Amino acid sequence: MIPATFSYARPTTIDEAIALLTKHGSGAKVLAGGHSLLPAMKLRLAQPEVLIDIGRIAGLNTIAERDGRVVIGTMATHAEIESSALVARACPLLGQVAARIGDAQVRNRGTIGGSLVHADPGADFPAAILALDAELRLASPRGSRSVKAAAFFEAMMQTVVQPDELLFEITVPKTATSAAYVKSEQKASGFAICGVAAIVDAQAKTVAVGVTGVASKPYRATAVEAALRGRALTPDAVAAAAALAANGVEPLGDIHASPEYRAHLAAVNTKRAILKAVAQG
Amino acid sequence: MTQTIRVRINGTAREHAVEPRLLLVHYLREVCGLTGTHIGCETSICGACTVLVDGKAVKSCTMLAVQADGSDVTTIEGLARNGSLHPVQEGFWECHGLQCGYCTPGMIMAGVEILQRHARPTREQIAEGLKGNLCRCTGYVHIIDAIERAAGARRAERGVGGDLKW
Amino acid sequence: MVNPTKHVGQPMKRVEDPRLIKGIATYVDDLRLPGMLHAAFLRSPHAHARIRRIETGAAKAMPGVVGVFTGADVNDQCGVVPCAAAIPDLKAPKHTVLAGERAYFAGHPVAVVVAQNAYVARDAADAIDVDYEPLPVVTDPERAIAGGSPLTHPELGTNVAYVHSVSSGDIDEAFRGADRVVRQRMVHQRLTPMPIEPRGCVASYHPGDQTLTLWSSTQVPHLVRTLLPGMISVPENKLRVVAPEVGGGFGAKLNVYAEEALCAHLAMRLGAPVKWIESRRENAAATIHGRDQIGEYEVAVTRDGRVLGIKARSVADLGSYLQLLTPAIPTLTGLVLTGCYKIPAITMEIVGVYTNKMATDAYRGAGRPEATYLIERLMNLIADDLKLDPIEIRLKNFPQPDEFPFHTATDLQYDSGNYQAALKEAQRLADWPALVRQRDDARAAGRLFGIGVSTYVEICGMGPSKAMPAGGWEWGCVRIEISGKVTVITGVSPHGQGEETSFAQIVADRLGVPIGDVVVLHGDTNIAHYGRDTYGSRGLVVGGPAIVMCIDKIIAKASALAAHLLSVSVDDVEFRDGRFVEKKKPDNSVDWARLAGEAYIAKNLPPAFEPGLEASSFYEPENFTYPFGTHIVAVEVDRETGDVKIVKYVAVDDCGVQINPLLVEGQVQGGIAHSIGQALFERTVYDENGQLLTGEFMDYPLARAHDIPDYVMGSTVTPSPGNPLGAKGVGEAGTIGATPAIANAVMDALGPLGIRHLELPLTPERIWRAIGQHAGVAAG
């Protein structure tokens, strides 16, 4: 369990990182916390020629408030997000999700940017950033662009991030406390076989539901959201709507959970997440 | 092609030229000769390789040595001070928190971090804090006892208004 | 008189621990020898394939590579991997150290690279190019014995390795006289032992004295020393095997493996020490698996719940070849299938089958967890079918305490027992009436709440030599050094069980010396010359009495010397609290330090007195020991997700006399953790192509801290009458008693839905599906 050889670069600015990405193209991989990439490299499933370690670029792990939104640097670790007072106040869902990732050691090293770009179908953060309508900010030689969370994930382990692009920050709107994350875990790895993040806006009478672990890419449970728009969130109404949580998706199946069970958990966890969010006021 | 790194390990400054692919755990074990940190899975699940990097518990099998450049690393060998055991080490001994001992260094390092986060951890908090550490011998109860005991011991040593000894 | 309870019976902390908690212990991967080379294996990605060609040129050319070896290079010099189980008419493949013309399981070693460091060795192994021709694969043991199955070993002409039959009593009469026959098919899933330290070894050859030293992460250094000379050309008395600190075994290291022989061979061949450390992936794929039996079971019962007989037919998946005890393990299941019940008649047929998977062998409990699970599930099914209370039906079939030694239908002689007492104590600790009320209230409220009971007996203290493949005795040596310090050497090879402490407790009490003066050595065949090592809950039970025998010999010898030094006759000398005292004049006495000094300086000895104060002994157990107990578990099942939560766990274990209750508790709790895994989530999965899908901790879940409930632990003490310490052994109890208790609890929770039986592991999805299929009943 030893990675193949590679050459290593440690830029100190985003521009420098972009220049290295541009130079090395698809032979390069960005190393953030390394908790997705390094295991793949040790199994020799990934064998990049060049590893670009963005761990020393100043400011990339900032968690701050800007223009009414919460801005999270790509290198913010799960632990930093979990323990951030700002996140707890302004966007508690992210902290809740961060706390459910892996284990304490993994959360100390794993980063939100690394997790999102790796796009493992069982990763936790995607459920939250979808429900939150996050914006993901990418830098490239062409400047920077913003991508809505809903447009970020393309397929299993695949995002819109181009080989010469770097995800450098994620911004989310400030949200109320009425949010919850309910997760069924793959017992061995700790990844989600179904994780549902729900945000309830009592005034606007809307819910937002992000689902991870169920399909090859995370998704918004739009049928559930539509069914509950403008409705009172009674347990019966929520249960009926939650039954639509896997509508139109093709659930994954593996030794840990069949497609049918994943679809079922999507409904159960959606119901539970919405009701929990309601209960949190 | 090597890269020079400077790491402070258990209070001692070290400088080595290493291959970029060298894992931190192999750096500690093979280059620095600190074999107390163990390897149990290599996929960042079992936690036998847990060390503190800049005070935070990390799995050293899932970190490159070059990523630790400039860091302060504490391994199990650096935990006892002036010949006396750390309270978590004491707890493991007193409570029979180990059998074969292989997961133990990682368990102890994880335990140290749990006590950094929670001065008075509940048993649930301890269990949650050990989620990243597998033990196949003990069934965990005595390990939780050990960390719970260490929390009490540490509070006792601290005294009122005193400095944290560890 | 000695004070027998100063240390024995006390929950003492371990003398092993300081080196372990400081991180300064030496496991095999911590060894560094001058000039040491590193081995890495290339393993077959196919479950069955013809090896057409192996291209090693690119690997050999890599800088730092010392050698690349294939089967053609080494197999004729290394002999086949040994199997010690004596089964009549056993058909066995010749399992060479590297694959020959075929690879027959995914993970089968095909080539080995030796290089200057482990990184280069891995790179070079990946640079070997093998041309495989995939062959048909069989992974399902039932399919393997059906017509037209692919053959794991075409040269054997069949996938059946053996058919083993157990038969006792008049089974036809039992079934004729039955009011009811209860039938159930049950699957005992394959498991992976997964010690946290994988296997590994370092071999070093000294060309001068022509000795080979093998450090190996093994439970059985002595068995390795006995068997390795049959594989490589080293005589037994030129071979030293050392088990350094060993990071868990659970049966996975109760074996002689190809890698050990090969590293030893390569160290001799290359003239340099060779180290190999297994990766977790290799450990999952190519270290033995456990369990894996499928069976059909029929029980003849009377309407009031008396069991008259059992008919069983099981198919045991042996995997693709035989490791040390592979074929013997399923036969142990037959031996204890009657559990702790008086069952007059039994027949069991066990078919051992080859499939394209890793070999199965002894995993913690080894055959006995299977038997206990079967009989304990069957007892509950009988209770269900007859509408009887599961406790009542157990009590009805237990032998009475005065019936011990109790002779079973399978010809075992249970040494001692009081199964009623353990059951009663468990019920007391569980607050049984309140627990039943809790279940009834929960059910009334529509919740799925269940209580499960398991009463078990196991075979431990392995074992009388007549019943073991190669000697079941144990050896020990005790030496009072010239300084008066005490050195104890044992032939068992503890790797976490704590005998450095428990043996010191026994010795300190019996010799009357400070426990700090006792050192216990083990695990090195140059120090512990003889031994049969650690497995089958035998360390304390068989190893301990050997030490006691030595102590008795030394005290007798020292008494003669003391009498001489005190100028009295031996009859006038009494040994008490570490001193030999003149009975009538207690101030006339000598201590061990004086005696030892005289014994070794040897200038003032009685006539014909042999200098020194040392004794060694072989202890031959007259019988196995039979620990027993009762586990009671309460669970609640989440009706929507199928998740199981253990809400109460009571364990009452009777392992006879306890030397160190703290260590006993640790053994039981550790065993239960394995059982929680087996009952609820652990399983080794191969796909139909023979690919291992649980080859990492990412896919094979072990119990973690948050899976463990609060235990209520209790014990009863029924000494083993045949054991000099009264001890019975406790290493496997938790693994044996807990699985059926948890399964029975889950099935009790699901019973109201009309669900009769589900296979292990009781995963949320399995339970959810069953609930869905019984939705009609659930609604009613």
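Reply: A salt bridge is here a side-chain nitrogen of Lys or Arg within 4 Å of a carboxyl oxygen of Asp or Glu. By that rule B:Lys131 is paired with A:Glu185, with 2.6 Å between the closest N and O atoms. The model is a predicted one, in which local features need pLDDT of at least 70 and side-chain atom pairs count only at pLDDT 80 or more, whereas totals for chains, interfaces and linings use all residues. Residues are numbered from 1 along each chain as its sequence is written, chains are lettered from A and ligands numbered from 1 in the order in which they are written, and side-chain values use heavy atoms, with hydrogens and water left out.

On the chain B side, the elements giving two or more residues are β4 (56-59), α3 (104-117) and α4 (123-129); helices (H or I, at least four residues) and strands (E, at least two) are DSSP runs, numbered from the N terminus. The largest share, four residues, comes from β4(B). This side divides into 13 nonpolar, 10 polar and 10 charged residues, where Ala, Val, Leu, Ile, Met, Phe, Trp, Tyr, Cys and Pro count as nonpolar, Asp, Glu, Lys and Arg as charged, and the others, Gly among them, as polar.

In terms of contact (heavy atoms within 4.5 Å), chain B contributes 33 residues and chain A 32 residues. Together they bury about 2600 Å², 54% of it on carbon and sulfur atoms; buried area is the accessible area (1.4 Å probe) that two parts lose on being put together, summed over both.

Turning to chain C, the contact draws 49 residues from chain B and 52 residues from chain C. About 4300 Å² is buried between them, 58% of it on carbon and sulfur atoms. Six salt bridges are counted between chain B and chain C; C:Asp123 forms one with B:Arg21, the closest N and O atoms lying 2.6 Å apart. Residue pairs in polar contact number 29, both at pLDDT 80 or more. The side of chain B that touches chain C takes at least two residues from each of α1 (24-31), α2 (87-94), α3 and α5 (141-158) of chain B, and α2(B) gives the most, four residues. By class, this side has 25 nonpolar, 15 polar and nine charged residues.

Key. Polar contact = N/O pair within 3.5 Å; in protein donor to acceptor, adjacent residues only side chain to side chain.
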